[in-house]
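Here's a quick tour of one model, from strand pairing to a helix face and on to confidence. Have the viewer open as you read.

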Amino acid sequence: MPTFDDLPDHCILAAFRYCDSRFIAKCGTLSRRHARIVHDPMLWTHVSVSGRVSSAALFIENVVLQHAKHIRSISFESISFASSTVEGADSFFESTERLLAQIGSNLRELRIDDAAHRTALDTIQLQFRLPVPSSLMVSTTGLHESLFGDIHILLASVAKYCPAISKIVLSGDSDSAYVGDSNILLLTTSCPAVESFVDEECCGLSAHAIKYMAKGWKNLSSLELDTDCMDVAEFKNSVTLFGDRIKRLSVTCFNEPLETEGFGDFLETLRCLKNLEVLAIDHSGSRSGTDGIDPDRMQQILSACPKLQGFEYFTTLEAYFDFEEEEDFRNFAATSSLSDYHGSNGAGGDTDFLIESYKTYRAKSMYSRSRRGSIGSVSMATMRFGKGRFQLASLSIFSKDDDSLLDDVTSLAPALPSPNEKLNRVEVYGMWSSGDKLSIRQRALRVLGFEEGSDFFAGKQEVFFAILDGCHAVCGKGGVNVTFAWSI
């Protein structure tokens with residue numbers, strides 16, 4: 001039977017391109033042939049450094065430095081300072097400085113990921129923003145100390161040796177230290193060629209930091225921000241300084257509900273970004289009930305962004321609904337001509353139909369859980385969406401019945417038990433893009449294994465999909481391609 005070694009060199013080289021730097025280096029020790037293949041410059045244009053600080057320093061000294069002249073992109077991922085000595089940390093930063101000095105102006109992309117070492121469950125929760133039960137999560141206490149806490153040392157070396165960087169990605173978690181306005185100021189004054197900046201799930205940047213970017217990065221055209229800690233007024237006052245430079249903008253929720261006044265400030269910001277081509281909004285963390293983008297808001301966004309070509313939206317039921325009473329629901333369902341969009345889904349255009357459907361909402365949710373057998377799964381096509389990275393995967397999910405892991409997960413749609421087990425309902429995740437012949441509602445039904453004409457969805461779910469299909473209809477008329485990721 002043919003083995004991996006029977007493949008020609010170019011096939012092995014192509015396979016290695018999908019592997020991380022440490023694995024490639026280990027493969028180089030297998031044979032002289034592999035050692036020759038792994039020294040191909042193509043494999044070292046991007047390098048990732050990770051692990052405990054002591055091993056990361058050794059990896060830089062023994063492996064990475066000899067390939068420095070080929071490196072164009074470097075990632076520092078989950079560097080663990082746990083139990084390390086001061087000398088060990090100093091050694092890491094000294095090795096990093098030597099590496100950056102050798103790479104010099106050839107470095108084009110820098111990524112710093114400050115998140116703790118993750119299990120497979122941790123990674124899935126981050127990438128899909130899924131509510132994995134806490135009983136399955138491994139505590140990260142003591143596993144690492146924040147690289148962001150000493151990030152000024154690393155960024156000082158970047159500023160000193162690598163002025164030609166064009167893309168910077170800062171990624172962290174809730175335990176990460178704040179990057180600091182002074183560090184952003186250092187980058188904007190020392191690395192003026194930056195064209196893309198991504199604030200990916202770190203502690204959020206201040207308005208002052210964004211103002212430094214607007215002043216120092218004259219070529220910045222792509223800005224992705226975690227705005228959870230920022231109010232809309234601060235966002236407007238800082239982001240509008242970019243004027244017509246920004247072509248791609250990505251935001252999350254703000255620290256206040258996006259009600260009428262706040263949404264007005266958001267629109268005013270968009271009007272100032274006259275060349276904006278792609279807008280991405282991540283409302284997956286919204287719980288306000290007023291953040292959601294409906295067809296009316298979608299039309300206002302298109303009017304504010306005449307050059308918009310793409311709209312990416314990750315949303316959830318909680319971004320639209322914060323009420324439980326039938327009368328409140330009736331008032332909401334009667335707005336924005338939702339019954340018209342709902343009718344286009346083939347389920348009737350009468351608002352009363354939605355009200356009757358809402359009355360069976362809890363019963364439907366109960367049925368949903370029994371049908372799924374209290375098991376969740378994760379599986380999506382590989383693609384990047386806003387700040388989330390969706391990739392093809394399967395995951396065993398906690399079973400409420402016996403507190404164990406179940407391996408028979410084969411669904412094409414992610415479906416997980418709610419983090420609040422008392423709700424006795426299933427969280428369902430899905431994705432939809434322009435070009436899909438099915439409506440968003442029909443695709444969601446197909447994902448769950450139901451026929452297109454099924455009345456499985458009820459109450460809030462029906463209105464939710466009516467809203468998304470309505471937003472798509474508005475974008476379709478405006479010639480804007482859309483990508484929706486959603487959870488219900």
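Start in the sheet: Ile74 stands opposite Leu110 in E3. This is a predicted model, where local features need pLDDT of at least 70 and side-chain atom pairs count only at pLDDT 80 or more, while totals for chains, interfaces and linings use all residues. Residues are numbered from 1 along each chain as its sequence is written, and side-chain values use heavy atoms, with hydrogens and water left out.

Helices (H or I, at least four residues) and strands (E, at least two) are DSSP runs, numbered from the N terminus. Strands pair if DSSP finds at least two bridges between them.

| Strand pair | Bridges and direction |
|---|---|
| E2 and E3 | five bridges, parallel |
| E3 and E4 (residues 167–171) | five bridges, parallel |

On the E4 side, Glu109 has Lys167 as its bridge partner. Four of the five residues of E3 (residues 109–113) are buried, so this strand is largely enclosed by the rest of the structure. Buried means under 20% relative accessible area, exposed over 50%, and partly exposed in between (1.4 Å probe, protein chains only).

Now for helix H4 (residues 53–62): its buried residues are Val53, Ala56, Ala57, Phe59 and Ile60. Down the H4 axis they fall within an arc of 160°, so they line one face of the helix; the arc is that of the directions from the helix axis to the C-beta atoms. The face turned away carries the exposed Leu58 and Asn62.

As for confidence, pLDDT is the predictor's own, per residue, from 0 to 100. The chain's mean pLDDT is 74, and 66% of its residues reach 70 or more.
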